Amino acid sequence: MSQMTLSELSEKMRDIDFAMLSTRAEGGQIAARPMSNNRDVAYDGDSYFFSYENTHTIDDIKRDPQVGLSFAGAKGWLGKPPSFIAVEGKAELIRDKAAFEKHWTKDLDIWFEQGIDTPGIVLIKVHASRIHYWDGEDQGEIKL
């Protein structure tokens, strides 16, 4: 078992567009929903997702910012099993248009028709504290 670097992990994440974002709901249950990482994968331990302010996701994060992200690759390299990545971290809610612009891609217009000027838009930043990975041959953990 070799220890993967954050840079190597970023390479594995490059083609994984969606993650499941897990939060703790008001009653203590775990709630998960798919979120697009917008191909923002020059991964340094921070993940970014856009949402609307008036959602259960944002309410959950306000109550408890500890979240989980689950990534699953569609296929592995050279016929190998796909990669699976689990991230534990702390979410931060950002409402700054300059930050929106930095992480915006045109593909997001399908969900946010007015772009960064869409009323009620918020950026979720998840800063990883621990990352687990598996790829069928290798597994490991990175602590940040």
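These are my notebook entries on one predicted protein model.

**Entry 1: ground rules**

I am working from a predicted model, where local features need pLDDT of at least 70, side-chain atom pairs count only at pLDDT 80 or more, and totals for chains, interfaces and linings use all residues. Residues are numbered from 1 along each chain as its sequence is written, and side-chain values use heavy atoms, with hydrogens and water left out.

**Entry 2: the whole chain**

I looked up the elements. The chain has 3 helices and 7 strands. I take both as DSSP runs, numbered from the N terminus: helices are H or I with at least four residues, strands are E with at least two. From the N terminus on, the order is α-β-β-β-α-β-β-α-β-β.

Next I looked up the dimensions. The C-alpha trace spans about 45 × 35 × 25 Å along its principal axes. The radius of gyration is 15 Å, which agrees with the value near 15 Å for a compact globule of 144 residues. That radius is taken over C-alpha atoms, and the globule rule is 2.2 Å times the number of residues to the power 0.38.

The accessible surface comes to about 8,300 Å², and 52% of it belongs to carbon and sulfur atoms. These areas come from the Shrake-Rupley method with a 1.4 Å probe; for residues, only the protein chains shown count as cover. Of the 144 residues, 46% count as buried. Buried means under 20% relative accessible area, exposed means over 50%, and partly exposed lies in between (1.4 Å probe, protein chains only).

I also checked contacts, meaning heavy atoms within 4.5 Å. Among those between residues at least 6 apart in sequence, 64% join residues at least 24 apart.

**Entry 3: the cores**

I looked for nonpolar cores. Such a core is a set of buried Ala, Val, Leu, Ile, Met, Phe, Trp, Tyr and Cys residues joined through side-chain atoms within 4.5 Å. The largest one has 26 residues. Leu 9, Ile 85, Ile 124 and Ile 131 have the most contacts inside it. At least two residues of this core come from each of α1, β1, α2, β4, β5 and β6. Strand β6 gives the most, with 6 residues. Another core lies apart from it and has 11 residues, among them Tyr 48, Ile 94, Leu 108 and Ile 116.

Not counting residues up to four places away in sequence, Ile 85 touches several residues, including Leu 9, Leu 69, Phe 71, Ile 131 and His 132.

I checked α1, residues 6-13. Leu 6, Leu 9, Ser 10, Lys 12 and Met 13 are buried there. They cover an arc of only 160 degrees around the axis, so they sit on the same side of α1. The arc is that of the directions from the helix axis to the C-beta atoms. The buried residues of α1 pack against β4, β5, β6 and β7.

I checked α2 next. Its buried residues are Thr 57, Ile 58, Asp 60 and Ile 61. Their arc is also only 160 degrees, which puts them on the same side of α2. They pack against β1, β2, β3, β4, β5 and β6.

**Entry 4: His 132**

I found His 132 in strand β6, which covers residues 121-134. His 132 is buried, because its relative accessible area is 19%. Its side chain has a polar contact of 3.4 Å with the side chain of Glu 88. The side chain of Glu 141 also makes a polar contact with that of His 132, at 3.4 Å. A polar contact is a pair of N or O atoms within 3.5 Å; within protein, one must be able to donate a hydrogen and the other to accept it, and residues adjacent in sequence count only if both atoms are side-chain atoms. Leaving aside neighbours within four places in sequence, His 132 is in contact with Phe 84, Ile 85, Ala 86, Glu 88, Gly 140 and Glu 141.

I placed Ser 47 in strand β3. Ser 47 is buried, with a relative accessible area of 5%. Beyond four places in sequence, Ser 47 touches Leu 69, Phe 71, Ile 124, Lys 125 and Val 126.

I placed Pro 34 in strand β2. Pro 34 is exposed, because its relative accessible area is 54%. Pro 34 and Leu 21 are 13 residues apart in sequence, and their C-alpha atoms are 6.2 Å apart.
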